[in-house]
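Here is a walk through one protein model, written for someone who would rather look at the picture than at a table. Keep the structure open while you read.

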Amino acid sequence: MNTLINNTMNASTFESIVEAMKKIEEKKVLKLVNYAIREGATQAQIIEAIQRGLDQIGHYFEEGKYGVTDLMMAGIIFEEVLKLPSLKLINEESGEPIGKILLCTIERDLHDIGKSIFKSAALMSNFEIIDMGINITAQEILEETIRSKPDVIAISSILAEGVRYIKEVNEKLIAAGIRDQVKIIVGGLSTHRQAVEYTGVDAFANDVYEGVKQCKIWITEGGEAH
Ligand code: B12
């Protein structure tokens with residue numbers, strides 16, 4: 001049983017969202033998500049249900065049951081869910097920014113759903129976000145870091161090849177003599193704790209809320225990366 005399900009989201013609603021997502025049933029997913037929100041589901045619960053469906057879609061893709069068009073459709077559905085007015089309410093930014101995060105998806109990677117979720121979670125925690133978008137090179141990250149002086153660089157890397165470009169980001173910041181002025185956190189399917197050591201970044205988190213918590217620790221308590 002999923003740890004996120006509690007009395008704010010009925011287990012059968014959760015499973016129905018997973019099923020509808022797996023089958024790429026756009027209208028049904030949106031209807032069920034709206035229903036779940038009315039039931040009191042949190043943003044994290046909804047994201048987890050959709051992500052479970054997406055994981056299955058990923059397996060179907062590997063097995064050849066689904067093609068790239070299906071992946072695209074799945075991505076579109078997730079984006080529509082994130083844009084739902086009922087979910088947007090939970091996304092609203094409020095208060096003074098507590099710090100600045102430079103956010104992007106790494107070079108050659110076009111996946112941006114995880115990045116959008118991290119952005120929502122960071123905005124909810126009153127971070128200012130500079131979203132550079134997708135397919136961003138180490139050189140572009142270096143230039144934007146010099147320009148906007150963020151406290152944290154947050155990188156999403158879904159494709160396995162992303163790890164080497166993230167390593168390049170670290171090397172470029174060191175060469176420019178500014179590595180000690182900024183923290184780097186990475187997240188995504190291709191990243192794992194070992195990647196922290198290989199790439200030289202400060203932290204890894206595949207859970208966006210854990211990632212935002214780490215950024216807060218760096219900003220508000222001057223804490224060290226885990
Ligand atoms: C939707 C999708 C697409 C869509 C993307 C649409 C979009 N707007 O993003 C499209 C159709 C464009 C696409 C294309 C491709 N895809 Co694709 N895609 C997926 C799919 C089904 C879902 C990805 C997703 O959005 N998941 C939901 C989000 C929420 O999860 P997430 O990205 O992991 O993010 C979470 C965490 O990782 C974390 N996180 C993410 N970023 C960050 C950043 C920070 C700072 C932090 C703290 C946390 C964090 O938080 C998020 C929330 O929990 C996955 C399958 C899967 N199991 O995930 C395949 C998958 C990622 N794709 C894959 C492949 C192979 C491709 C293609 C190469 C297919 C092709 N032959 O053309 C292309 C590559 C294009 C490119 N150059 O990037 C493979 C990747 C294999 C690998 N590891 O390298 C997967 C795993 C499918 C598979 N099982 O084979 N894809």
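## Helix 8 and what covers it

Helices here are DSSP runs of H or I with at least four residues, strands are E runs with at least two, and both are numbered from the N terminus. Before going on: this is a predicted model, in which local features need pLDDT of at least 70 and side-chain atom pairs count only at pLDDT 80 or more, while totals for chains, interfaces and linings use all residues. Residues are numbered from 1 along each chain as its sequence is written, and side-chain values use heavy atoms, with hydrogens and water left out.

Helix 8 itself (residues 162–175) has 14 residues and spans 20 Å from first C-alpha to last, close to the expected 20 Å; that expectation is 1.5 Å times one less than the number of residues. Its buried residues are Gly 162, Val 163, Tyr 165, Ile 166, Val 169, Asn 170 and Leu 173. Buried means under 20% relative accessible area, exposed over 50%, and partly exposed in between, using a 1.4 Å probe on protein chains only. The cover over those residues includes helix 7 (138–148), strand 3, strand 4 and helix 9.

## Strand 4 and its partners

Strand 4 (residues 183–187) is mostly covered, with four of its five residues buried. On one side, so to speak, look for strand 3 (residues 152–156), which pairs with strand 4 in the parallel sense over five bridges; strands count as paired if DSSP finds at least two bridges between them. Within that pairing, Ile 153 stands opposite Ile 184. The chain gets from strand 3 to strand 4 through helix 8, and this β-α-β crossover is right-handed: with the strands pointing away from you, the path from the first strand over the helix to the second runs clockwise.

Strand 5 (residues 203–204) also pairs with strand 4 in the parallel sense, over two bridges. Here Ile 185 faces Ala 203. Strand 4, helix 9 (residues 193–199) and strand 5 make up a right-handed β-α-β unit.

Gln 214 sits in helix 10 (residues 208–221) and is buried, at 2% relative accessible area. Gln 214 is 29 residues from Ile 185 in sequence, yet their C-alpha atoms are 8.5 Å apart in space.

## The cobalt

Which protein residue donates to the cobalt atom of the ligand? His 111, through NE2 at 2.3 Å, is the single donor from the protein. Donors are N, O and S atoms within 2.8 Å of the metal (3.2 Å for Na, K and Ca), and water is not among the atoms, so sites may look incomplete. His 111 lies in the loop between strand 1 (99–105) and helix 6 (113–124).

## A buried lysine

Lys 22 lies in helix 1 (residues 11–22) and, at 18% relative accessibility, counts as buried. Leaving aside neighbours within four places in sequence, Lys 22 is in contact (heavy atoms within 4.5 Å) with Gly 53, Gln 56, Ile 57, Tyr 60 and Tyr 66.
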